[in-house]
Amino acid sequence: DQAKELHVAVAAYDSAHDASSTDHLALPAELYDALTAEDQLVLVLQPEVDLQTGAPTGVEALIRWKHPRRGTLNPNDFIDTIEHGELLAPFTRYVLDRALAAAADWAGHGLDLPVSVNVSARSLLDATLPAQVADALRRHRLGAGRLVLEITESVAVSDQEVVDEVIAALREMGVQISVDDFGTGFSSLSFVTRVTVDELKVDRSFVTDMTDSAAAAAVVRGAVELGARLGARVVAEGVETADQRAALLALGCTSAQGYHFSRPLPADKIVAALNQLAQAAPPKVIPLRADG
Ligand code: C2E
Ligand code: MG
Ligand code: MG
Ligand code: MG
């Protein structure tokens, strides 16, 4: 079972690392505790919206570690340690399970929105991942179309063929595939030539700079055009201002995420926030005036 599997993983990790060498932030034992304890690893949820109307189109799940002594840790403080350790597989399953539970909850409130889950490219070296995803979807009674996997190529993976096959199998099931942080990292462009993707998530850095930098704006425009040619949705990350929203709309971008629309929220706040965004949204097509 999962607890036993974790024990084996921790033992393997411990023997491979000298635990006494440093007081490293994310000791394997602490991660083990976090994965087995109630509510230490929690997901916050950030709406994705239609840029024009502000209506929600999906929700991204983002991990936080409520560390018993260190306070709330952001993923940048510990994802690296997880990615390079033996706990990656159980961590990925944990996040998937919690994210699908959240999606089942808002589906129960009548909100038909997919959940986006971040997975590191390394998780896709596991050929059993598609079966695990299918099992998790069944447990939460959700169709595969309700799941978007955001893939970050933060590190070059050793076996690209396996990764491509796992992605193809997931897509075959109906799971949507998104390229996270598009425009940065190892090989976003070659990635879209190897696998079919449903979404490009334009990295926040380009969105931040696009109103001051013609080059950054050109990258965003390029992503929008590429998305159109690939038949992939283009989502702009990290939209913080009305000016950025307007600039993105002018370039033909249709979806966005960022503090301008909503911060990431705790799970118990997300349904109300999604309903509020949906209500605030003006109709997408402004009807002709009857007397016009
Ligand atoms: P990401 O997937 O690109 O997620 C977007 C990040 O931008 C999130 O940071 C989010 O909180 C932040 N963000 C959203 N809107 C704005 C904005 O308007 N302004 C600014 N300044 N930031 C904004 P977070 O939650 O710290 O996550 C950082 C990264 O950690 C994520 O980047 C993702 O690559 C990784 N990550 C998060 N959760 C998970 C997870 O469950 N599993 C894995 N493998 N990686 C995760
Ligand atoms: Mg993401
Ligand atoms: Mg991203
Ligand atoms: Mg990013």
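Hi everyone. Residues are numbered from 1 along each chain as its sequence is written, and chains are lettered from A and ligands numbered from 1 in the order in which they are written. The model is predicted, so local features need pLDDT of at least 70 and side-chain atom pairs count only at pLDDT 80 or more, while totals for chains, interfaces and linings use all residues; side-chain values use heavy atoms, with hydrogens and water left out.

Let's begin with the whole chain. The protein chain has eleven helices and ten strands. Here, helices (H or I, at least four residues) and strands (E, at least two) are DSSP runs, numbered from the N terminus. Of its 292 residues, 48% count as buried. Buried means under 20% relative accessible area, exposed means over 50%, and partly exposed is in between, using a 1.4 Å probe and protein chains only. How about contacts, meaning heavy atoms within 4.5 Å? Among those between residues at least 6 apart in sequence, 68% join residues at least 24 apart.

Now to the inside. In soluble globular proteins, nonpolar side chains tend to be buried together. A nonpolar core is a set of buried Ala, Val, Leu, Ile, Met, Phe, Trp, Tyr and Cys residues joined through side-chain atoms within 4.5 Å. Which residues touch the most other members of the largest core? They are Trp 106 and Leu 147, out of 80 residues. Helix α4, residues 88-108, gives the most to this core, with ten residues. Beyond its neighbours within four places in sequence, Leu 147 contacts several residues, including Leu 96, Leu 100, Val 115 and Val 133.

Next, the aromatic rings. Rings of Phe, Tyr and Trp (its six-membered ring) pair if their centres lie within 6.5 Å; planes under 30 degrees apart count as stacked, over 60 as edge-to-face and the rest as tilted. The search of the whole structure turns up one aromatic pair. Trp 65 and Phe 78 have ring centres 5.3 Å apart and planes at 85°, so this pair is edge-to-face. Trp 65 sits in strand β2 and Phe 78 in the loop between β3 and α3, so the pair ties together parts 13 residues apart in sequence. Trp 65 is buried at 0% relative accessible area, and Phe 78 also counts as buried, at 0%.

The charged end of Arg 263 sits over the ring of Tyr 259, 3.7 Å from its centre. To count, NZ of Lys or CZ of Arg must be within 6 Å of the ring centre and within 35 degrees of the ring normal.

On to the strands. Two strands pair if DSSP finds at least two bridges between them. β6 and β7 pair in the parallel sense over three bridges, with Val 202 in β7 as the bridge partner of Phe 182. β7 and β8 are also parallel, over four bridges, and Lys 201 stands opposite Val 235 in β8. In a regular strand the side chains alternate between the two faces of the sheet. In β7, Glu 199 and Lys 201 point one way and Leu 200 and Val 202 the other, and all are buried.

Finally, the metals. Donors are N, O and S atoms within 2.8 Å of the metal (3.2 Å for Na, K and Ca); water is not among the atoms, so sites may look incomplete. Which protein residues are donors of the magnesium ion (ligand 3)? Asp 180, Asp 181 and Glu 237 are, at 1.4 to 2.6 Å from it. Their spacing along the chain is D-D-x55-E. Asp 180 coordinates both this ion and the magnesium ion (ligand 2), which are 3.6 Å apart. Asp 181 bridges ligand 3 and the magnesium ion (ligand 4), which lie 3.1 Å apart. Ligand 4 has Asp 181 and Glu 237 as its protein donors, 2.1 to 2.5 Å away. Those two residues are 56 apart, with Asp 181 in strand β6 and Glu 237 in the loop between β8 and α10. Asp 181 is partly exposed at 22%, whereas Glu 237 is buried at 13%. Asp 181 also has a positive phi of about 50° although it is not a glycine.

Notes
Contact = heavy atoms within 4.5 Å.
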